[in-house]
Protein chains: 2
Amino acid sequence: MSKHYIITGCAGFIGSQLVDRLLATGHRVTGIDNFSTGQRRFLEGALSFPNFHLCEIDLLDAAATQAAFKGGDCVVHLAANADVRFGPSHPGRDLHQNTIATFNVLEAMRAQKIQRIAFSSTGSVYGEAQIIPTPEDAPFPVQTSLYGASKLACEGMIAAYCEAYGFQSWIYRFVSILGERYTHGHVFDFYRQLKTDPTNLRILGDGRQRKSYLYVQDCIDAILLGMNKATEKVNIFNLGVDDYCEVNDSIDWICNTLGVQPTRHYTGGSRGWVGDNPFIYLDTQRIRALGWSPSISISLGVIRTVEFLRANEWVLESRL
Amino acid sequence: MSKHYIITGCAGFIGSQLVDRLLATGHRVTGIDNFSTGQRRFLEGALSFPNFHLCEIDLLDAAATQAAFKGGDCVVHLAANADVRFGPSHPGRDLHQNTIATFNVLEAMRAQKIQRIAFSSTGSVYGEAQIIPTPEDAPFPVQTSLYGASKLACEGMIAAYCEAYGFQSWIYRFVSILGERYTHGHVFDFYRQLKTDPTNLRILGDGRQRKSYLYVQDCIDAILLGMNKATEKVNIFNLGVDDYCEVNDSIDWICNTLGVQPTRHYTGGSRGWVGDNPFIYLDTQRIRALGWSPSISISLGVIRTVEFLRANEWVLESRL
């Protein structure tokens, strides 16, 4: 059945891919973006659909957000400050762009009588988890990043709105996502470095940080499956692959794809930055029980990301 | 050793008792309150101390907050919207008075190079806990109230500031607190009802809600002990008694103290209001391991509260 989706962060990496998927399957989409990091070129396909409506507004503008949500059946709230790394340089950014923006989204839903929301949270909410792979009901975590703390704040508000106002929610705790339209993170940084100087690569930390990555289309499959199949008031799912790599493995795949052999310079230490978690690896049994499994391995995800960046070098300039 | 404490919410129930305790033990105190619910009369004693400085500002005024924190050694952040019950009527209140105000406190600490903060959180952050008594590392909870969600957001920010900026924190998850200067909650509501009409009492829910209450001086003992003895970067403690009562028990104690026998009218249902938790009962082994234990039982706490209200009926009018 065709629905009217409100997608925040519609010009972002995941958002624009989700918009394309929804439009291709016959849904109506209102996309919201302030283009602070979103890319207009990611919406070129979407804008050719009559069922797509683009609202260029900021979610911190509560009145504009309420107006933009008019007529929606459900919301997928992806807009966020997604860069965990630079939290300590501007601690207010996570509060405003994540916590307060999410409050405005919830209030806009209430104003427009929309009661279904999917939300992109993060494995960072587990802090430095003691149980690995980490399940959704892991012991009550201690936050280690402003980013994770702000996403946890959003999760809490969403769950409380479900209790107070009869909302239903699907909260997805992601590992890092890779794939086409990826515009920040380690593959992006390494690609940019190697384009400037293919003989040297500077690596934050010791390169031994273990990471788990999910391919963007697998992520979108999971988001849509959860919304269709999970029927609790508050549905919380980890999203990730049953595998992990070290940053060093990822560098191997990137360099092989590009045919370069740089000297690797490590800044040292087990953490790339303050709040960097040396290992995020999530237990995904809960979403797998609904019939989902990822189709693309970490290595193939990295390779596809590098190939996307090579074919779309304009993206590098857009984020300088 | 004498220290300079910054106490937010200094004119509140717990805050004013803490101020009196600190001044009596030779410390310097800067008290901050916007008097939205704080009571000037609670500070009559404090204002006679030369070591007490009162700042009448709102924590939502970031610049004023930074100025007020000048010279402090540590912060006890008690100011909050503490009324969990009316969350759904004004959902922005918890966001502003709890989450954003706490962010401003943390930024004021950073500006003034203060690195130690104690924070009043709540057992409500456990949502409807599956493990009772609930330990600090209970399974990752799902929030059921906007109040609990906002306190969880504050906890997360505080922990992230510890990681990012070298802060040290003591986070206390309270059950409800009773005792002298108590100005909201069920004993207050019942007392006010019985003063108007000693023959009838309206009770939200079925009266079977189990609750655990801690006496205010026991709470203050625990706050100060934790700050003196717990040395982790982030120290999280439940505060409560190893006992609980039903709302009906509490009504018995109140009525016996007042010598009244009202007809009880129940609104019905297991929850008094949306987000009301039918049972908050916390495992306090962690704080007990430091040598703390409560000295006053729930029944005596209720009786002392009733006696305070009877001797200070001006409090009833102040909250109409």
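Start at A:His4. In this predicted model, A:His4 stands opposite A:Arg28, which belongs to strand 2 of chain A. The two strands involved are strand 1, residues 4-8, and strand 2, residues 28-33, and they run parallel. Five bridges join them.

Now widen the view to the sheet. Which order do the strands follow? In chain A the order is 3-2-1-4-5-6-11, which makes seven strands in an open sheet with parallel pairing. Strand 3, residues 52-56, and strand 11, residues 234-239, are at the edges. Each of these two has a single partner strand, so one side of each has no neighbour in the sheet. From one strand to the next, the twist averages 15°.

A helix comes next. Helix 3 of chain A lies across strand 1, strand 4 and strand 5 of chain A. Strand 4 covers residues 74-77, and strand 5 covers 116-122. Relative to strand 4, helix 3 runs at about 175°.

Let me step back to the whole of chain A. There are 10 helices and 13 strands in chain A. If you draw a box along the principal axes, the C-alpha atoms of chain A fill roughly 55 × 45 × 40 Å. How much of chain A is buried? Buried residues are 51% of the 320. As for contacts in chain A with a separation of 6 or more, 81% of them come from residues 24 or more positions apart.

Chain A is also divided into domains. Domain 1 takes residues 4-177 and 212-239, while domain 2 takes 183-211, 243-275 and 296-318. Between the C-alpha centres of domain 1 and domain 2 of chain A, the distance is 26 Å.

Last, the second chain. How many residues of chain A are in contact with chain B? The count is 30 residues of chain A, in contact with 30 residues of chain B. On the side of chain A that touches chain B, helix 3, residues 92-111, and helix 4, residues 146-165, each supply at least two residues. Helix 4 of chain A gives the most, with 11 residues. Sorted by class, that side of chain A has 19 nonpolar, seven polar and four charged residues.

Notes:
Residues numbered from 1 in each chain as written. Chains lettered and ligands numbered in written order. Predicted model: local features only at pLDDT ≥ 70, side-chain atom pairs only at ≥ 80, totals over all residues. Contact = placed C-beta atoms within 7 Å. Helix = DSSP H or I, 4+ residues; strand = E, 2+ residues; numbered from the N terminus. Nonpolar A, V, L, I, M, F, W, Y, C, P; charged D, E, K, R; others polar. Domains from an automatic or database assignment. Pairing = 2+ DSSP bridges. Axes fitted to C-alpha atoms, helices over the stretch in contact; angles between N-to-C directions. Buried ≥ 20, exposed ≤ 12 C-beta atoms within 10 Å, placed from the backbone.
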